[in-house]
Amino acid sequence: MSYRAPVAELAFTLRHVAGLEAALAGSGQGDLTLEDAQAVLEEAGRLAGAVLAPLNRVGDRHGTPLADGSITTPPGWREAYRTFVEGGWNGLSAPESHGGQGLPHLLNAACTEMWNGANLAFSLCPLLTAGGIEAVEKHGSEALKAAYLDKLVSGEWTATMNLTEPQAGSDLALLRTRAEANGDGSYRITGAKIYITYGEHDLTDNILHFVLARLKDAPAGTRGISLFLVPKVLPDGSRNDLRCSGIEHKLGIHASPTCSMAFGDGGGATGWLIGEENRGLACMFTMMNSARLGVGLQGVAVAEAATQKALAYAQERRQGRAPGTGEGGASPIIAHADVQRMLLTMKAQTAAARGICYLTAAALDAARGPEGQDAYDRASLLTPVAKAFSTDIANEVTSLGVQVHGGMGFVEETGAAQLMRDARILAIYEGTNGIQALDLVGRKLPLNGGATVRAQIAAMREIAEGVLRDNSPAFGHTAARLRAAVESLDRATSFALRALGSNRPEEALAVATPYLRLFGLAQGGACLAKAALAASAALRAGDTDPAHPARIALARFFAENLATASGGLEQSVIDGGGFVQDAKIALAS
């Protein structure tokens, strides 16, 4: 089966979990209504299902062949990209002053999920361009904005991020790419980069490369890195001194060109400084933070696609006779209890991750309003959770999807294997999930002396109390299990903050990954419970939508079957850090 955009569920989550009304009210477009937002979602869903989804398998099989320095995208790719940009989708949340629509990040997040669910490899290109738009808008000079921002917003040109080098990996302090001032405001860039997504392609005439490089006599380490905009085609129409020197042959996302880039074979590629000299990492983090939420949404998207595919297969495939189904032939495998467990796990994890990502997008919108810095700090806290938790569950959910298919999942015919292959990169790029965990514990927990994370935990606790007050039998043990998860997170947070404030921060960092998972379970469970509370209220008001009981059942399943891991994760955090340090001897044996 092909991907179907779950517009109704996304719209419900936007409204009742993330607060779409508040995002619309704060967008600066006073006449923007919920009906307008619904229309945007429906059109984005149609684009996903009718245009992008049919090309997913085509792209996986075709790949992106490189010949004479040029890459050919799969059949239908250029036409799909033209449809995408002509519809104005590339600039959905971009500033109106440069041709965008200025819609909330929250609404754009839901559209991004649908496009990536339909075709992850295709959607990587506009995701990176969105980061480029933010970098130029926030840090670019007026001249750079005038020259490049409108083209990026319209999608006439695309953007890339050039961080990684063969010898550096995630350690940007080791970068060797050099920049030298030309004396006319431009710089000569020389060096090599690897793993550059859409570094070369045939979708647009120009590609704007955002390149980290080091100036002569710059301070050592990351303090001496600057960011440059280096276009493939220069303003006078001539080709810049850069090229795609190779293309990676990968486990998944075959239709997304992952390039090695060479700058300065002929003496130096021309680029222009973004922001201040030696302050490039701060500018690049604007792109990276945008991309990290985008990658989290990719995780949700691929998990949703895998869940849809597995559910459809389980309804059609007949094997054995499930207990309680009476006499007759074989039952659909969805009638078997363990298959139901796998499908419910897939659906619940996907919905929980979606809620976390949408909360993050909503915080970014709120940061533009009266809440300001507090909302921005909340977004900063949630971003590593959104990226890592969502992409971890993408790997788990797509693996379960293969399992539901059985042997047919292991072969390529059904498409379940492609989703599992595509999902694997999500926990790696834009900062590995281990790096996200270290960022969460080492940098985000201490924000405002711990007040930001305490406020987030308090909000989770209030949702658990709301379930208790609802008192509907349909919730089962949801309130108790969610409250236990939140209290485990609270105690683990106290431990981590104490360790960070003492002379033993390594004890907190050593258990950052289980801490992030614990945070994701508590926050994800709270998101599902919040949706369930809205569904319960609707049922009491006489709404007979069958999706409402399903939302309550899903929140209960998550609380009673998945959030129960929180207690063990708490113990891993509190007791495990010191032991990890002591047990390093095991690695040397």
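A residue counts as buried under 20% relative accessible area, as exposed over 50%, and as partly exposed in between (1.4 Å probe, protein chains only). The model is predicted, so local features need pLDDT of at least 70 and side-chain atom pairs count only at pLDDT 80 or more, while totals for chains, interfaces and linings use all residues. Residues are numbered from 1 along each chain as its sequence is written, and side-chain values use heavy atoms, with hydrogens and water left out.

Start with the aromatic rings. Trp89 and Trp115 are both buried. Rings of Phe, Tyr and Trp (its six-membered ring) pair if their centres lie within 6.5 Å; planes under 30 degrees apart are stacked, over 60 edge-to-face, and the rest tilted. That rule gives eight aromatic pairs. One of them joins Trp89 to Trp115, edge-to-face, with 5.5 Å between centres and 70 degrees between planes. Trp89 sits in the loop between helix H5 (77-86) and helix H6 (105-118), and Trp115 lies in helix H6, 26 residues apart. Helices (H or I, at least four residues) and strands (E, at least two) are DSSP runs, numbered from the N terminus. Ring pairs also build a cluster from Trp77, Tyr81, Phe84, Trp89, Trp115 and Phe122.

Next come charges over rings. Here NZ of Lys or CZ of Arg must be within 6 Å of the ring centre and within 35 degrees of the ring normal. Lys151 lies over the face of Trp157, 5.3 Å from the ring centre. Arg551 places its charged end over the ring of Phe12, 3.7 Å from the centre.

Now turn to charge pairs. Side chains of opposite charge can pair when their charged atoms come close. A salt bridge puts a side-chain nitrogen of Lys or Arg within 4 Å of a carboxyl oxygen of Asp or Glu. The structure holds 29 of these salt bridges.

Glu165 and Lys193 form one, at 2.9 Å from N to O. The pair links distant parts of the chain: Glu165 is in the loop between strand E3 (158-162) and strand E4 (178-181), and Lys193 is in strand E5 (residues 186-197), 28 residues apart. Glu165 is buried at 2% relative accessibility. Lys193 is buried at 1%.

Glu487 and Arg461 meet at 2.8 Å, N to O, in another salt bridge. Glu487 lies in helix H16 (residues 478-501) and Arg461 in helix H15 (residues 451-470), so the bridge ties together parts 26 residues apart in sequence. Glu487 is partly exposed at 22%, and Arg461 is partly exposed at 27%. Shared partners join Arg454, Arg461, Glu487 and Asp490 into one salt-bridge network.
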